[in-house]
Amino acid sequence: MKRKLQILKNDPWLEPFRSAIEGRHEDALRKEHELTGGENSLTNFANGHLFFGLHRDSNGWVFREWAPNATQIFLIGTFNDWTECKEFQMERKDNGVWEITLPANAIHHGDLYKLRVHWDGGNGERIPSYATRVVQDEVSYIFSAQVWAPEEQYKFNDEGFVPNTAPLLIYECHIGMGQNKEGVGTYDEFRENVLPRVKQNGYNAIQIMAIQEHPYYGSFGYHVSNFFAASSRFGTPEQLKHLID
């Protein structure tokens, strides 16, 4: 209660809105408890992508997903003809976590994959919550997660960049819609054609819309489907990193 009353103490003009402010604060506390289970920190929850999803280590691959109501989960993809195989069956761990470890040659860069999830009363295919690369088939228009582990990792060139923010002038933009051509623009085209014009007009910061993967392009990126995957319709992760660089 002290945290929310401090706001009212600092600004008496907010007193007429006390009930709304306190209600919003209680809602935030309830949501934090729901996300963390009351046993974890919000920081650890926000860094869940470092634990969940597909990761490569010195022994091969490890994949984890949180699915407390699942009864069985199989990793399916182009590497096993999209079928349920025992060697790709995940193991249930504690607190609703499912995990599988695979040798290095089990999956490869560019492979497509999903989860076949079973639960009481049914089953279905799901794109992993923490997928970092999702692509759409040009014929069926179906989205799938994609293994993205190129042999050469992109290395940022300017690690000592210090932005000029006096004053901060922000240019809001959209990679796909920022081109004159009739079509979806790319990271490379934006870097080559648009970014120089933004700089020449005096802006020192850009706010890029629609970076996270979203199935409906016309939504301008608001209907995010994969929070940890940069939209593949604009190009590859390396091309986005080049733009940022």
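Modeller: Two strands count as paired if DSSP finds at least two bridges between them. Strands (E, at least two residues) and helices (H or I, at least four) are DSSP runs, numbered from the N terminus. The model is predicted, so local features need pLDDT of at least 70 and side-chain atom pairs count only at pLDDT 80 or more, while totals for chains, interfaces and linings use all residues. Residues are numbered from 1 along each chain as its sequence is written, and side-chain values use heavy atoms, with hydrogens and water left out.

I start with strand 9. Strand 8 (residues 134–136) and strand 9 form a hairpin with six residues between them, and in the turn Tyr-141 has a positive phi of about 65°. These two strands run antiparallel and are joined by three bridges; Val-135 has Ser-144 as its bridge partner in strand 9. Strand 9 is also joined to strand 6 (residues 112–119), by two bridges and again antiparallel, with Gln-146 as the bridge partner of Leu-112. Within strand 9 (residues 143–146), Phe-143 and Ala-145 point one way, Ser-144 and Gln-146 the other. All four are buried, that is, under 20% relative accessible area with a 1.4 Å probe, protein chains only (over 50% is exposed, in between partly exposed).

A nonpolar core here is a set of buried Ala, Val, Leu, Ile, Met, Phe, Trp, Tyr and Cys residues joined through side-chain atoms within 4.5 Å. This core has 26 residues, of which Phe-63, Ile-73, Leu-75, Phe-88 and Tyr-113 touch the most other members. Leaving aside neighbours within four places in sequence, Leu-75 is in contact (heavy atoms within 4.5 Å) with Phe-63, Asn-80, Phe-88, Leu-102, Tyr-113, Lys-114 and Leu-115.

Six bridges join strand 2 (residues 60–66) to strand 5 (residues 97–102), and the bridge partner of Arg-64 in strand 5 is Glu-99.

Parallel pairing is found between strand 10 (residues 170–174) and strand 11 (residues 205–209), which are joined by five bridges; Glu-172 has Gln-207 as its partner.
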